[in-house]
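Subject: Model for your records

Hello,

Here is the model for you to open alongside this message. Notes on its sheets, helices and ligand site follow below.

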Amino acid sequence: MELILDNIRKSYSDKQVLKGIDFTFEKGKIYGLLGRNGAGKTSLFNCLSGETPMDRGGVFLRRENVSLPLREDEIGYVFSLPILPEFLTGYEFVKFYMDINRDKIEPGRTIGDYFDIIRFEEEDRHRLIKGYSHGMKNKIQMLCFIITRPPLILLDEPLTSFDVVVALEIKKLLREMKQDHIIIFSTHILQLAADLCDELVILNQGVLQEIPADTLHSPEFEERIIALLRDGDGHD
Ligand SMILES: Nc1ncnc2c1ncn2[C@@H]1O[C@H](COP(=O)(O)OP(=O)(O)OP(=O)(O)O)[C@@H](O)[C@H]1O
């Protein structure tokens, strides 16, 4: 399975943010998306997910040589600022989400099993989402893709809000899930990218650029990435 980005362009008024993104992502890999503030990472995710309409271009999922336009239900998107119904408890929301996605749930999995996966304390499950911390809200968002297992998982700056124990759990989970999914996450934390990712891509001046594989594990990894980001953006 492959995700094909074909000439994606996006402008806001006269500001061209995405200038023709062409890239192919493969199943079984975790991709780290790097880019400076304002490079357009969130805009790219929003275009992929249909959250924001793109001006030009297309997104396709290719399975066994058949490419079809990516559908909304094929995407799991974890926003950097979680969007959840604050007037529900975590339990009520997850129960509702499981009900409307009954056909996609792994047989035999209960709501308790799902909360256990993300290590969500028993007493917190029945509190209003409104009172949850950023990290707890992010966990609930992650649970959505753990439940429905969409082929494409987009994570916009995840893990930064998690404490070290939870971050490790989530990293483990993403590594387990990658066999059957295409996982792309944006981050500013280079160490996290080096630790978790199989491939790195940089969004620079409106285009996506692949980072050579040897960079990822080279001793000068951070210096090389910073040099690329600095050169490309035209900032100082
Ligand atoms: N809805 C919008 N209307 C106008 N301009 C926008 C809108 N959304 C994003 N932009 C602009 O597009 C550019 C890219 O923003 P985007 O949020 O995609 O960058 P980013 O790489 O995710 O940044 P960061 O790393 O700071 O989160 C910025 O200059 C931003 O101001």
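**Strand pairing and packing**

Strand E3 (residues 30-34) pairs with strand E8 (residues 182-186) in the parallel sense, over 4 bridges. Within this pair, Gly32 has Phe185 of E8 as its bridge partner. Please keep in mind that the model is predicted.

E3 and E8 belong to an open sheet of 6 strands, in the order E6-E7-E8-E3-E9-E10, with mixed pairing. Its edges are strand E6 (75-78) and strand E10 (207-210), each of which pairs on one side only. On average, neighbouring strands in this sheet are turned by 20° against each other, direction ignored.

Helix H4 lies across E6 and strand E7 (152-156). Its direction runs at about 170° to that of E6.

**The other sheet**

A further open sheet has 4 strands in the order E2-E1-E4-E5, and its pairing is antiparallel. Strand E2 (15-26) and strand E5 (66-69) are the edge strands, pairing on one side only.

Going through the pairs:

- E1 and E2 run antiparallel and are joined by 9 bridges. Ile8 has Ile21 in E2 as its bridge partner. The two strands form a hairpin with 2 residues between them, and Ser13 in the turn has a positive phi of about 50°.
- Strand E4 (residues 56-63) and E5 also run antiparallel, joined by 4 bridges. Phe60 stands opposite Pro69 in E5.

Helix H1 (residues 41-49) packs on this sheet, where it touches strand E1 (2-12), E2 and E4. The direction of H1 makes about 65° with that of E2.

**Ligand site**

Which residues surround the ligand? They are Tyr12, Val17, Gly35, Asn37, Gly38, Ala39, Gly40, Lys41, Thr42 and Ser43. H1 supplies the largest share of this shell, with 3 residues. Sorted by class, the shell has 3 nonpolar, 6 polar and 1 charged residues.

**Helices H2 and H4**

Two packed helices are described by the angle between their axes and the distance between the axes. For helix H2 (residues 90-100) and helix H4 (residues 134-148), the axes come within 11 Å and cross at roughly 25°. Angles under 35 degrees count as roughly parallel, so H2 and H4 are roughly parallel to each other. Their crossing is right-handed.

On the H2 side, the residues in contact are Gly90, Phe93, Val94, Tyr97 and Met98. They meet Ile140, Leu143, Cys144 and Ile147 in H4. By class, this contact has 8 nonpolar, 1 polar and no charged residues.

Regards

Key. Residues are numbered from 1 along each chain as its sequence is written. This is a predicted model: local features need pLDDT of at least 70, side-chain atom pairs count only at pLDDT 80 or more; totals for chains, interfaces and linings use all residues. Two strands pair if DSSP finds at least two bridges between them. Two residues are in contact if their C-beta atoms, placed from the backbone, lie within 7 Å. Axes are lines fitted to C-alpha atoms, for helices over the stretch in contact, and angles run from 0 to 180 degrees between N-to-C directions. A residue is near a molecule or strand if its C-beta atom, placed from the backbone, lies within 6 Å of it. Ala, Val, Leu, Ile, Met, Phe, Trp, Tyr, Cys and Pro count as nonpolar, Asp, Glu, Lys and Arg as charged, and the others, Gly among them, as polar. Angles under 35 degrees count as roughly parallel, over 145 as roughly antiparallel, 65 to 115 as roughly perpendicular and the rest as oblique. A crossing is left-handed if the near helix is turned anticlockwise from the far one by less than a right angle, and right-handed if clockwise.
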